[in-house]
Every structure is written in structure tokens, then in C-alpha cells.
Amino acid sequence: MAGRQSRTYNPDEDWFTDPLNPDSETNAKRKRWKKGSVLDVLAKMRLPQGPQSVKELFNYPEQLVQAAFSKPEWQDRCVDLLRWGVVEHSDYSGIFAEREAKRLLFMALGQCKGIHVPHMVRKTCDIDPSSQRVLLHMSEVLDAGESCVFADIRAQLHPEAQEWCLAASPKPEDSIKAKEDAYQAMADFLLENGHWAVDQEHADFCLKHGTNCVVNRPRTDLNLCNRPQGIFSGSLIVGNAGNCCQGWSSEGKRARKAHSSQHAWNSWLAQRRELALRSEEDMFFQECTELWDVEGCLVKPLEDSHTVVHTTVGPSTLGWPTSRNRLLSAGLSSNSLVWLGPTGADAVKQDFEAVFARSCMLTGSVFFQEDTQSGLNGMNAS
Ligand SMILES: [Zn+2]
């Protein structure tokens, strides 16, 4: 049977309607144009207009809510997912920007649709001391000091698993092939032994509380004290991670799966799989560079426990004059959630853009808030 040849994703290309022949049958499925090319620019001009002022730019949470609720069935699904509250945690947290994104989104839901979403954070983790200071401050001012702050994803596993992984880690002088093999053996070991390596009684030193705190507290703990109103064991439990991208860029010499960050990645991955299988986590969001091997590193290892969907998107696709594409994934635990959207990376990308893509009406100068004369005065003074 004849069919379209499958294509692999190329980050230099985007899907958009053929601007020269938009109504053609053959082009109805959209074509790809090299990013930044004339055809690409023309194609994006056909999209709904993006923000046209600073005010509209910063009103984006409301615009996202309106887009996501533009069909009754989407609205029903969103409300059904969020009505019992969201409990999130984060690894590779950085400054935990995804928390702010959700806070703004939930605020917009309240203002535009009258929907209140109870929201709680249980733990964050980052190895960088500067990020840790931000996370400690967030815990103090946003969670009344209740949320934990950990330092190292590798220390979230059972101590014996930590020792095994450390012993299995390659040496700096090993060949690329030997390093890849060592990290793959580590991944295999952790996925096979997750039932004990991911120990929900395991505690690690918490920077916030100055003592050992349990890393992956059980869902039933949400029925205990000190939780925001509306949060309970039936709330949606969501993980977040923006894993290290150095191995996939020139900074990490493109070592890919031979990069030392694979150790932390394997530890993170084992926890996602095991917690989903135990119904202790409902889904996760993950972000990395568009060069990252999402199929090999995420989709395949979690095929027994999750449905993982992913797309590459940047602010400019949403109408922001900023060019920084990222590969974004959502992993849905097969125990608790069902993916109702299209299958295949290209179809997911098209579907996402059909709802959220906007043409870019602004230039980067919108980010310079001082007036021209003040800017000139500053330049003259220097
Ligand atoms: Zn703690």
C-alpha cells in the first residue's frame, strides 16, 4: 500500500502551510521550510497574529488559556485533569521557572474561567550552588519552608544502587565507546532493579531542613497535615526536569551518551519509571536542547511505563521575538493517563502548532524598555 515515507525531525525545518499554494490538496498536510527562509517567513505570516505590544506580550498566560480552551472537549479534559489540584516536584531545577509558568497559568485559569487549581510543591533539586540559593528562598517564601531542596539526583537512589552506579562509572581516560557502554549498563541495571533501587523510604540530606528528608514521599502522605486546601492523595502528581544539555552541544564536546551527565540522567529515568509503575507519579514534563536524542534517551526506556509525546518549539513560534528552540516532552504514566492526541512526532508538532502557533509581530527592540533618547544619552555618556 502506498504511503508517505516517514521522515526524521530536522531542527532546521518547521512545518507550515505552503504559502504559495495554501489550498492545494497535496499541501493541505503542510510542508516544511528551512527556518528563516523566505518561504518560512511567508508561511508564518499566515498564522493568527501574535502579541503586538508589551502589554499583550506579557498577557500570554491568558492567551494560552483561551487557545487551550478553544474547543469544549479540550476544556473538559483540562478541567478534569486539574480540578483535584497539582502537586509538583522538580529535578535539574535551576531557578524552577516551570513553577512560575504554572502559577501564572493557574492564575489565568482563575481570572478567565473561574477555575481554581490547588497547587503544591514538594521538592526541588539542583547541584549548582547559585540555583540552590534561589530554590531555598522559594521554599521559604512560597511554601512556608515546607518544600525540600536536594543537591544531587544521583543521591536519590538507594545507597547500594548509588554504590553500584559509582563503581560502574567510566574513567575520564576511557574511550567514547567504553563510556557509552558503561552508562548503558548503568541504565539497564537501574531499570531492571528499580523495584528496590528507587526506595521510597530513602532519605537524602535536605538543604532546606538541614537533615535527611525522604526524597520520594508516598502519595498517601498528601492526606496528612501541612498541605494547601484542596490537595490530597488524588491530586495530579507532576515531575519536571530540564536535564543537562552539555553532552549534546559543543560545550560537552558532543559526547552524547558518553557524557558524564548520563549518570544523573539514568538515576532520574529510573525514578520516573518506577514511580509511574507504582502510581506514585502521574506525569512529567522534560526539556532539553533540540539536538538531544529524545527517542533513545526517553521514549524507548520508558515504553513500558509511559506514553511520551514531544515537540520542538521556541518562543518565536508563539509570537515572541526570541529564537531559542527547545525539545519539550510530556510523559504520561500509563497507569493513570491516556494520550488522546495524534501519534508520531510530526503529527504532535503539527497539532501543537495548529493550536498555539502565532506570527511574530514584534521585534527584539520590545525588550528594551527605555526610550530612544535615554538610550542615546547612555551611549554618549560612555
Ligand atoms: Zn527537607
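1. Contacts come to start with: two residues are in contact if their C-beta atoms, placed from the backbone, lie within 7 Å. Among those in the protein chain between residues at least 6 apart in sequence, 70% join residues at least 24 apart.

2. Please keep in mind that this is a predicted model, in which local features need pLDDT of at least 70 and side-chain atom pairs count only at pLDDT 80 or more, while totals for chains, interfaces and linings use all residues. Numbering of residues starts from 1 along each chain as its sequence is written.

3. On confidence, pLDDT is the predictor's own score for each residue, from 0 to 100. The protein chain averages 88, and 89% of the residues score at least 70. Over residues 1-20 the pLDDT is below 50, and this stretch has 39 contacts in the model beyond near neighbours in sequence. Residues 22-30 are also below 50, with 11 such contacts. Where pLDDT is low, the predicted coordinates should not be read in detail.

4. The protein chain holds 13 helices and 11 strands. These are DSSP runs numbered from the N terminus: helices are H or I with at least four residues, strands are E with at least two.

5. Strand β8 (residues 236-241) pairs with strand β3 (residues 86-91) in the parallel sense over 6 bridges; pairing requires that DSSP finds at least two bridges between two strands. Here V86 stands opposite L236. Strand β8 also runs parallel to strand β9 (residues 283-288), joined by 4 bridges, and G239 has F284 as its bridge partner in β9.

6. As for burial, 33% of the 382 residues of the protein chain count as buried, that is, with 20 or more other C-beta atoms within 10 Å of their own, C-beta atoms being placed from the backbone.

Notes
A residue is buried if 20 or more other C-beta atoms lie within 10 Å of its own, exposed if 12 or fewer, and partly exposed in between; C-beta atoms are placed from the backbone.
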